[in-house]
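This briefing is meant for a reader meeting the structure for the first time. It takes up a few topics in turn, beginning with the surroundings of one residue.

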Amino acid sequence: MSALRIDIVTIFPAYLEPLGLSLPGKARERGLLDLHVHDLRHWTHDRHRTVDDTPYGGGAGMVMRPEPWGEALDALSGPDTVLVVPTPGGRSFTQRVAEDLSEAQHLLIACGRYEGIDQRVVDHAAARMRVVEVSLGDYVLNGGEVAALAVVEAVARLLPGFLGNTSSLTEESHGEDGLLEYPVYTKPESWRGLDVPEVLRSGDHARIAAWRHDESMRRTAQRRPDLLHPSQVADVVVRRAVRADAGEVLTLQRACWVQEALDNDMLGIPALHETLDDVVAGLDEWTTLVGHAGDRLVASARARLDGTRWDIGRIMVAPDLQGRGLGRSLLAEIETLAPAEVTSYSLFTGPRSTRNQRMYRRAGYSLRGDLVDLPGAVLLTKPRRTTG
Ligand code: JD8
C-alpha cells in the first residue's frame, strides 16, 4: 500500500509546521503519509516575488495572481492528483469527504489568501484533474491554511494501518452511524462529588452498549437533529403521500398554518383557506412526503421542480411534536428527492416566522428577500452541493 502523497502550496509555509506534530507526524514516520509544503513565491519571477494584484471590476482587497498558481500546479500535479481548494464557498468538509479523499493517491491542497485566487486557476485545473472545493464551516477565515490543517489531520487518521484499532473509527462522532459520540469517563470513580454512571462500572457489555447508543441518540437529537433520519426522530415513519392522505394533510395544514397566520398576522395565507380538493390537487402536482407516528399523520413536506430549482414547501409538523428536529430532518429528506437537474433549493416562510427562518439557516439556506409572487413572504435558497 503506497503512501498517500499530499502537497500543500501556501504563502505561509510556517503555518503548516504543526503537521509535523501529533497524528500527521506519526503517519509520516510510518510511511503512510508523504507530506510536502511549498511556498507559492517559489513560482514567482519578479524581484518582489509578487503573488497578488488588484481585482478586475474594482472592490476592496487584492486577488491572487493566476500565473504563480498555474506554474505551481503544473509542477506538482500528476495523473492521480486531486486538487483540494479550501474556500468559504466550498462544499462542507465532512467525515464523508475526508473518507473520500483518504482513498486518493495524491492530494494537492491550494491555500489561498487575500480575497481569494483568480477563478481561472480552478477552471483551468478542473479540465485536467479532479477539483474538490471545501469549506470548513459557515464562518470567514483569512486564508485556506487552517482548512488544510484540518483536511490533512482528518484524512491522515483514516489511512489504513494508521489507527491501531480501527474499531474506534466506527464508534466516533460522524462515524459509521453518523451519530454524535457518547460521553466518556475514566478514573477516579468519583470526582468532586460526580460519579461515573453505574452502568459503565457494571461490566455488562450489552447494557453498556445500549446505554452508549441511547446517549448518542439523545445527544444527536438534541444538538444535531439534521444528522438523524426522520424515522430516528420521535419514531416517525416517512413515505411518499397518496391521495388517501389528503384529509389528514388538510387537518395538519390547518393546524400548522393557524400559528403561522397569527405569527405573521397574515390570515390570507392560501394554506389556511385550501379545500380538500385543493389538497388532493396538490398531492398530484407536488412530490409530497408524509410522516406517521404509529397511525397518526404528524408531519409532511412537499417539493416540485421550478426550472432547475427544487421548490420546497409546506414543511409541517404537528404542533405537539414541534421543536424536536423533525422538520429539519424532513427537509433533509425531501432535498434528497431532488431530480438530477436541480442546482438549488428554495423555500419561503413568513417574515416573522423567526423559528422557521432559524431552522432554515441552520440547514444552509440564505435569506433572499421578499417573494415577489407572495407578498409578505420571504424567500430562502441554498445551492445544491455537487458531489466533488
Ligand atoms: C480560503 C482567502 C479569505 C475569503 C474575503 C476574507 C475555508 N470555512 C472557511 N472560511 N473562510 C475560508 C477561507 C477563506 C479564504 C481563503 C478559505 C482564501 N480567504 C477571503 C473571502 C472573503 N477573505 C474557509 N475553507
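In this predicted model, Ile334 touches Thr287, Leu289, Ala301, Arg302, Ala303, Trp310 and Ile312, where residues up to four places away in sequence are not counted. Ile334 also belongs to the largest nonpolar core, which has 43 residues, and is one of those with the most contacts inside it, a group that includes Trp310 and Ile312 as well.

**Nonpolar cores**

- Besides Ile334, Trp310 and Ile312, the residues with the most contacts inside the largest core are Leu331, Leu347, Tyr360 and Tyr365.
- Helix α8, which covers residues 246–264, gives the most to this core, with seven residues.
- Another core lies apart from this one and has 30 residues, among them Ala98, Ala104, Ile109 and Cys111.

**Helix α10 and what covers it**

- In helix α10, which covers residues 276–285, the buried residues are Val279, Val280, Gly282 and Leu283.
- Seen down the axis of α10, these buried residues fall within an arc of 160 degrees, so they line one face of the helix.
- The cover over the buried residues of α10 includes helix α8, together with β11 (287–293) and β12 (296–306).

**Rings and charges**

- Arg302, which is among the residues that Ile334 touches, has its charged end over the ring of Trp286, at 4.0 Å from the ring's centre.
- Arg314 lies over the face of Trp257, and here the distance from the ring centre is 5.8 Å.
- How many aromatic pairs does a search of the whole structure find? The search finds one.

**Backbone features**

- Most residues other than glycine have a negative phi, and most peptide bonds are trans.
- Arg314, whose place is in strand β13 (residues 309–317), has a positive phi, near 50 degrees, although this residue is not a glycine.
- Is Arg314 buried or exposed? Arg314 counts as buried because its relative accessibility is 15%, and the cut-off for buried is under 20%.
- Tyr114, also a residue other than glycine, has a positive phi of about 60 degrees, and is found in the loop between β6 (106–110) and α4 (119–126).
- The relative accessible area of Tyr114 is 35%, so this residue is partly exposed.
- The peptide bond from Lys187 to Pro188 is cis, with an omega near 5 degrees, and Pro188 is found in the loop between α6 (167–171) and β8 (190–191).

Technical notes. Residues are numbered from 1 along each chain as its sequence is written. This is a predicted model: local features need pLDDT of at least 70, side-chain atom pairs count only at pLDDT 80 or more; totals for chains, interfaces and linings use all residues. Side-chain values use heavy atoms; hydrogens and water are left out. Rings of Phe, Tyr and Trp (its six-membered ring) pair if their centres lie within 6.5 Å; planes under 30 degrees apart count as stacked, over 60 as edge-to-face and the rest as tilted. A charge sits over a ring if NZ of Lys or CZ of Arg is within 6 Å of the ring centre and within 35 degrees of the ring normal. A nonpolar core is a set of buried Ala, Val, Leu, Ile, Met, Phe, Trp, Tyr and Cys residues joined through side-chain atoms within 4.5 Å. Buried means under 20% relative accessible area, exposed over 50%, partly exposed in between (1.4 Å probe, protein chains only). Helices (H or I, at least four residues) and strands (E, at least two) are DSSP runs, numbered from the N terminus. Contact means heavy atoms within 4.5 Å. The arc is that of the directions from the helix axis to the C-beta atoms.
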